[in-house]
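Welcome, and please have the structure open while you read. The report below goes through a few local features, one topic at a time.

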Amino acid sequence: MGRSRYKITDPEQPHFITLTVLHWIPVFTRPETVSILLEALKFLSKDGLKVYAYVVLENHCHFVVQSKALDHDIARYKSYTAKQMIQYLSKNNVKQILEQLAFYKKAHKIDRAYQFWQEGVHPELIQSDEMMRQKIDYIHHNPVKRGYVDKAEHWRYSSARDYSGQQGLLEVCRQW
């Protein structure tokens, strides 16, 4: 599969995006790996990224995000988190996952030993309040649909708690 044809059409508007680990390898099964993702989002939030909703599952994550330079912020996010994940996996001697990240790496990625994220983020411009609600609902119900939890707010690594009046792990913007 080649590079994504999907583009961020209006970088200053909210977009629904999906980031997927290469070959759907389950990496986000440990609190430490999820923490890398959430801490990077917190950092970018201080730099202007608005996070409206998120969910982290074992091998991919969904976000509704917005910033003045969304394409640049997503590239920064993917680059930083990939480096941190590979560093974590190496430090903790998780050889099986590292071997898979090396094996499935795209041939044109000659500047690195591993590829962490699949290429592209399949961005979808949020064009209305209705679409925003639909994407947020999709994000929050992803773990329910997969049978991991009975209620969306039970999934720890999601903004569903924030939308149900509880405090989540990452501050989200609920006004759009």
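## Two positive phi angles in loops

His23 sits in the loop that links strand E1 (15-20) to helix H1 (31-46); helices (H or I, at least four residues) and strands (E, at least two) are DSSP runs, numbered from the N terminus. Although His23 is not a glycine, its phi is positive, at about 55°. His23 counts as partly exposed because its relative accessibility is 46%; buried means under 20% relative accessible area, exposed over 50%, and partly exposed in between (1.4 Å probe, protein chains only).

Asn93 is another non-glycine residue with a positive phi, near 55°. Look for Asn93 in the loop between helix H2 (70-91) and helix H3 (95-103).

## How to read the values

This is a predicted model, in which local features need pLDDT of at least 70 and side-chain atom pairs count only at pLDDT 80 or more, while totals for chains, interfaces and linings use all residues. Residues are numbered from 1 along each chain as its sequence is written, and side-chain values use heavy atoms, with hydrogens and water left out.

Strand E3 (60-66) is mostly covered, with 7 of its 7 residues buried. His60, His62, Val64 and Gln66 point one way from E3, whereas Cys61, Phe63 and Val65 point the other way.

E3 pairs with E1 in the antiparallel sense, through 6 bridges; two strands pair if DSSP finds at least two bridges between them. Within this pairing, His15 has Val65 of E3 as its bridge partner. E2 and E3 are also antiparallel and share 6 bridges, and Val65 is the bridge partner of Val51 in E3. E2 and E3 form a hairpin, with 3 residues between them.

## Thr20 in strand E1

Thr20 belongs to strand E1. Thr20 counts as buried because its relative accessibility is 8%. Leaving aside neighbours within four places in sequence, Thr20 is in contact (heavy atoms within 4.5 Å) with Asn59, His60, Phe116, Trp117 and Gln118.

## Helix H4

Helix H4 covers residues 129-145, 17 residues in total, and reaches 23 Å from its first C-alpha to its last. That is close to the 24 Å expected at 1.5 Å a residue, where the expected span is 1.5 Å times one less than the number of residues. At Ile139, H4 bends by about 30°, and Pro143 follows within four residues; the bend at a residue is the angle between axes fitted to the seven residues ending there and the seven starting there.

Which residues of H4 are buried? They are Met132, Lys135, Ile136, Ile139, His140, Asn142 and Pro143. Their cover includes E1, strand E2 (50-56), E3, strand E4 (124-125) and helix H5 (160-163). Just after H4 comes Gly147, with a positive phi of about 85°.

A disulfide is a covalent bond between the sulfur atoms of two cysteines. In this model there are 0 disulfides, with a disulfide taken as a pair of cysteine sulfur atoms within 2.5 Å.

Cys61 counts as buried, at 0% relative accessibility, while Cys173 is partly exposed, with a relative accessible area of 23%.
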